[in-house]
Amino acid sequence: MNLKNLLVAIVLSGFALAQTLTIEHDEGTSRVPLNPKRVVVMDEEALGWLAALGVGDRIVGLASAYLTPADISGGHIKPEVLQKGFLARAKLNNPTYIGTWMEPNLETLLTLKPDLIVRLTWKGNKHYDKLSQIAPTLGYEEGGKGFWERGLRDLGRIFGKSTEAERVIGQVRGARQAAQARLRNAGVFQKYPKVIVVAPFAGGANWVYTNVRLIPDLRAMGFKDGYTPKDVTLNVGAQISDEALISLDKETLVVVFPPGGQYDGSRAFFSSPVGQKLKDQAILYTPEPFSPYSGPLVSLRNVNELTRLILEKVKP
């Protein structure tokens with residue numbers, strides 16, 4: 001290679017580097033193109049981050065365990081389904097369905113030629129190496145500190161929307177503080193200083209969330225923990241026995257927060273002896289269809305709806 005060609009190669013290499021960003025995340029370090037046009041999200045959490053930044057229309061592929069064969073046509077999510085619940089807020093543009101969170105269709109994903117793949121992760125989650133061979137892949141540990149804030153900030157840098165990311169984070173902080181003031185002024189914490197989030201699954205298993213899922217919003221709204229399990233799974237929560245639920249004191253507000261779709265066991269829970277015993281100190285908080293468990297848009301809805309439900313519960 002002569003000197004002229006060498007200089008051109010150096011310039012082009014520097015230009016390419018200038019068009020990328022190195023991101024350290026929970027599954028490694030990835031060099032990501034700036035302002036990617038074709039993004040695949042492996043779950044609703046990642047979907048929520050892009051939606052909060054206003055780039056949901058860049059999503060060309062979506063993995064989800066909530067979607068059923070009835071929601072899919074020709075490999076794409078049906079238009080009427082895209083108008084339901086959280087999917088409507090994301091303002092998606094005919095994304096391809098690529099399977100479930102844990103078992104995505106890698107062949108379908110490969111045909112989409114994404115610039116970027118984003119997902120939450122946990123111990124034992126698979127396919128990172130295979131995904132990274134298709135496109136730069138960012139993974140964020142669901143139970144990690146500052147989980148969704150980290151993901152949102154990194155994506156803000158990638159899409160040139162850091163200001164928007166900080167605005168949204170500040171909006172969540174302000175909503176939590178305002179809710180705490182309203183609850184305090186209404187005397188809520190005198191009756192219910194403590195809280196527990198119970199997730200009743202279809203089939204009868206009940207879980208209590210200790211991190212990430214709804215409980216951070218309630219803590220930020222001023223509640224103390226009403227129950228602490230000995231062992232926590234994936235830093236998210238733990239199964240709770242009927243005996244432990246029945247033993248909750250009357251100062252603990254029970255927020256029943258069912259999982260979405262076919263996993264919802266809330267009706268059976270309230271019909272059970274345990275549910276009947278706790279009904280006077282319990283509220284049912286139902287997420288939107290196809291909603292993430294966490295994220296900025298989810299927190300804003302959580303705070304507003306929980307405040308309304310709690311105030312209705314304690315009104316004279």
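1. Let's start with a term: a residue is buried when its relative accessible area is under 20%, exposed when over 50%, and partly exposed in between (1.4 Å probe, protein chains only). Ser-291, at 8% relative accessibility, therefore counts as buried. You'll find Ser-291 in the loop between β15 (282-284) and α13. Its contacts (heavy atoms within 4.5 Å) are with Glu-44, Tyr-66, Phe-86 and Val-298, leaving aside residues up to four places away in sequence.

2. A word on what you're looking at. This is a predicted model, where local features need pLDDT of at least 70 and side-chain atom pairs count only at pLDDT 80 or more, while totals for chains, interfaces and linings use all residues. Residues are numbered from 1 along each chain as its sequence is written, and side-chain values use heavy atoms, with hydrogens and water left out.

3. Now the whole chain. The protein chain has 13 helices and 15 strands; these are DSSP runs (helices H or I, at least four residues; strands E, at least two), numbered from the N terminus. Of its 316 residues, 51% count as buried. The C-alpha trace spans about 85 × 40 × 35 Å along its principal axes. Among contacts between residues at least 6 apart in sequence, 67% join residues at least 24 apart.

4. What about the inside? A nonpolar core here is a set of buried Ala, Val, Leu, Ile, Met, Phe, Trp, Tyr and Cys residues joined through side-chain atoms within 4.5 Å. The largest one has 74 residues, and those with the most contacts inside it include Leu-152, Leu-218 and Ile-310. Helix α13 (residues 296-314) gives the most to this core, with nine residues. A second, separate core has 13 residues, among them Ile-196 and Val-274. In soluble globular proteins, nonpolar side chains tend to be buried together.

5. Take a closer look at Leu-218. Which residues does Leu-218 touch, not counting those up to four places away in sequence? They are Val-195, Val-197, Phe-223, Val-255, Leu-306 and Ile-310.

6. Two backbone spots to check by eye. Asn-94 has a phi near 55°, a positive value in a residue other than glycine; Asn-94 sits in the loop between α3 (85-90) and β7 (96-97). His-127 isn't a glycine either, yet its phi is positive, about 80°, and His-127 lies in the loop between β8 (116-121) and α5 (128-134). Buried or partly exposed: which is Asn-94? At 44% relative accessibility, Asn-94 is partly exposed, whereas His-127, with a relative accessible area of 16%, is buried.
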